[in-house]
Structure formats: structure tokens, C-alpha cells
Amino acid sequence: MRKLAAYTVVLMLTVVYLVATIPHATRLVYNLHILTDMRQYGDLYALSYLSGYKQFHEPCTYSAPKVERKKKIRLVLIGDSYTEMLGPSNFSVDEFEFVHWYNKLHISLDTGYNNILIIETTERAASRLAKPNSNLIIGNKNIAEDKESIDPIKTIRTALGNNNVEQNIEFMLFNNPVFNRLKELKAQMNLAAFNRTSPNVVISKHKKMLYYRPTIDMVNNPNSSFSLLPDSVIDARVKGMDAITTQYKTAGFNRVIFSIIPNPVSVIEPGWCDYNHQIERIQNNGLYNLEFIDAYHLLSGMGDKAFYMSDTHWNCEGISAWLDEINRKVLVEGRSRDK
């Protein structure tokens with residue numbers, strides 16, 4: 001009987017580990033509501049358990065207007081967690097495909113379409129723009145590439161490299177009202193007695209928001225909003241973006257558009273320290289003719305209304321404002337070019 005119980009426990013822990021390790025399995029468990037993902041209240045709340053900043057994230061609804069055009073538009077979006085939830089209904093285009101920065105997408109471009117590529121990244125990850133981009137594989141698939149894409153050993157290695165394993169295991173084992181309330185009480189006591197929060201979470205100076213520490217810590221995080229960025233670094237990123245533009249236009253895209261989403265602190269409390277104005281410096285470069293969707297000035301006008309108070313991401317208002325700008329560019333500029 002003891003052996004059976006031991007085997008059962010080992011089996012359960014193995015299943016928990018596998019589900020926590022494989023991103024698709026983790027997502028399925030949460031989508032089926034087998035478990036409640038604490039990140040639905042904000043990823044920074046899930047790190048800190050500060051109940052005063054617990055904010056439920058309602059699903060965002062945004063439907064792009066339909067537009068008739070002489071030439072169809074195909075939109076491809078390379079993005080991160082800011083845009084991975086978006087789908088075809090959010091854009092006034094005829095075809096839409098998304099690929100995360102950590103993945104690859106194999107596509108074939110049809111010259112009968114206006115092929116538009118949008119490359120979105122967060123400000124704290126803008127250093128990736130200085131490097132060659134390999135997210136898109138353009139051309140006809142071949143057998144070797146198909147086999148590589150389903151290589152089981154590679155799939156396992158990728159899964160085992162999931163950075164959220166520890167957090168996912170914690171959610172699955174200890175995510176229930178009793179444990180969560182205890183965590184909130186502990187977090188409140190640490191804040192009241194020691195003015196201490198989770199290592200990766202910082203409370204804003206006006207006390208209305210939580211910030212992700214790497215976006216503020218200029219000592220240990222070179223991509224902080226306040227880290228020193230010499231002109232040589234900015235120039236390298238701009239030069240990299242120009243190379244990416246040339247690469248994908250040569251491959252068949254009609255337009256390549258960049259959009260750098262600012263860290264919340266950059267638009268809500270830029271006076272926290274000496275803001276390095278990275279996004280403006282990149283967009284105002286005088287050397288290369290790059291195309292941008294200016295999320296910085298767009299969201300700066302909205303301030304904290306564009307972001308969740310308990311999350312590193314924008315809220316539905318911020319997303320909608322950005323999508324309006326996307327669709328304006330696709331509809332007005334895109335349609336004027338298909339004649």
C-alpha cells in the first residue's frame with residue numbers, strides 16, 4: 001500500500017513537472033480552467049502578492065473595420081508577450097500571421113498581395129534589434145526543414161529550457177485561496193515592517209503602479225529606462241534595423257515597420273531618474289529611412305491609463321490605441337499604395 005502511495009505521488013509530481021515544463025501543456029491547463037493562473041491579476045501581482053494592486057484582467061475586445069481595396073494586404077507580425085494575444089480580427093487586412101521572437105515561422109510571399117511586416121519589441125528588449133533577425137523563413141518548405149521542425153529531441157530541449165518552470169510548479173501546487181491569502185498577508189507584513197517587496201517588483205513613487213525592476217535598475221540592467229546608452233549603442237541598433245529592413249524587403253515584403261513599446265515607467269514616471277530616451281533617439285535617427293509606429297508618443301499621451309497597475313503590459317486601452325494606429329497606417333497608407 002505504501003509503495004502504491006509512493007508511486008502515485010511520484011507520478012503526480014512527474015505530471016506536474018511535465019505540464020509546468022512544456023509551454024503548450026501549461027497553456028492548455030489554464031485555458032481549460034483546471035487551474036487559475038494568478039497572472040490574470042497581473043504578472044507583477046503574481047510575483048509580489050501585493051493585494052492592494054490585485055487587478056483582474058478582463059479579455060480585450062477590438063474588431064478592426066473592414067475595408068475594400070484593389071489589392072489584398074497580408075500582415076506578418078513579429079512580436080513578444082505584448083502582441084501574442086492578437087489575431088486576424090484585430091487588423092484590417094486580408095491575411096494575418098504572428099510569430100513570437102522566440103519562434104520561427106515558415107512563409108511564402110505572394111506578389112499579388114501587399115506584404116507588410118511589423119516588428120514589435122519592448123523597450124527593455126530593444127537590444128535584439130541590433131542583431132540579424134531569423135524569425136521568418138521565406139520560401140517553399142523542404143523535407144529537411146519539416147523534419148527539423150518536429151525533431152523530438154529538439155522539442156524536449158526547448159521545453160526544458162522554459163524559464164517559467166519554477167513559477168508554473170508553484171502555481172500548480174500552491175495556487176488556492178488559502179495559500180494565496182497567506183502569501184498576501186506575508187507580502188503585506190514585509191511591506192509594512194521592512195518596506196520590502198519581491199526582488200523583481202518596485203512600487204511606483206506615486207504608489208499607483210507596480211514596475212518590473214529590470215526596467216528601473218540602471219546598475220544591473222543595461223536595458224533599463226535609465227541605463228546609460230551611448231550614441232554608439234543607439235547607432236548599432238538603428239544600423240541593425242536598417243539591415244533587417246533590407247533583408248525582408250529583398251525577400252519580398254513591401255513595407256517593414258518597427259514599433260518599440262515603452263516600459264511603463266518611461267511614460268508614467270520618466271522623472272524617476274535620468275530617462276535615456278532610447279525610443280526617441282532610435283526613431284529620430286538621421287542616417288536611415290526606417291518606418292515606425294510611434295508607440296512612445298502615443299502611450300505617453302495616455303500615461304498610466306494605458307497600463308495595468310499590476311502588470312508589465314499595457315491594458316485594453318493601450319492595446320486599442322496602438323491597434324487604431326496600426327489600422328490607420330494599413331488602411332490609409334496601405335490602400336494608397338495598392339493602386
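Cys273 is partly exposed, its relative accessible area being 28%, where buried means under 20%, exposed over 50% and partly exposed in between, with a 1.4 Å probe and protein chains only. Cys60, at 36%, and Cys316, at 23%, are partly exposed as well.

The model is predicted, so local features need pLDDT of at least 70 and side-chain atom pairs count only at pLDDT 80 or more, while totals for chains, interfaces and linings use all residues. Residues are numbered from 1 along each chain as its sequence is written, and side-chain values use heavy atoms, with hydrogens and water left out.

## The disulfide

A search of the whole structure finds one disulfide, a term for a pair of cysteine sulfur atoms within 2.5 Å. Cys60 and Cys316 form this bond, with their sulfur atoms 1.9 Å apart, and the torsion about the S-S bond is about -90°, so the disulfide is left-handed.

The pair joins distant parts of the chain, 256 residues apart: Cys60 lies in the loop between helix 3 (43-48) and strand 1 (73-79), and Cys316 in helix 12 (residues 316-336). Helices (H or I, at least four residues) and strands (E, at least two) are DSSP runs, numbered from the N terminus.

## The largest cavity

The largest cavity holds about 40 Å³ of space, a volume being the space filled by probe spheres set on grid points joined across faces, edges and corners. On a 1 Å grid over the protein atoms alone, a cavity is a set of points where a 1.4 Å probe fits but cannot get out, and lining residues have an atom within 4 Å of a point.

Strand 7 (residues 210-212) gives the most to this lining, with three residues, and the lining also includes Leu44, Arg124 and Asp311.

Key:
1 Å grid on protein atoms, 1.4 Å probe; cavity = no way out; pocket = protein on both sides within 12 Å on 5 of 7 lines; lining within 4 Å.
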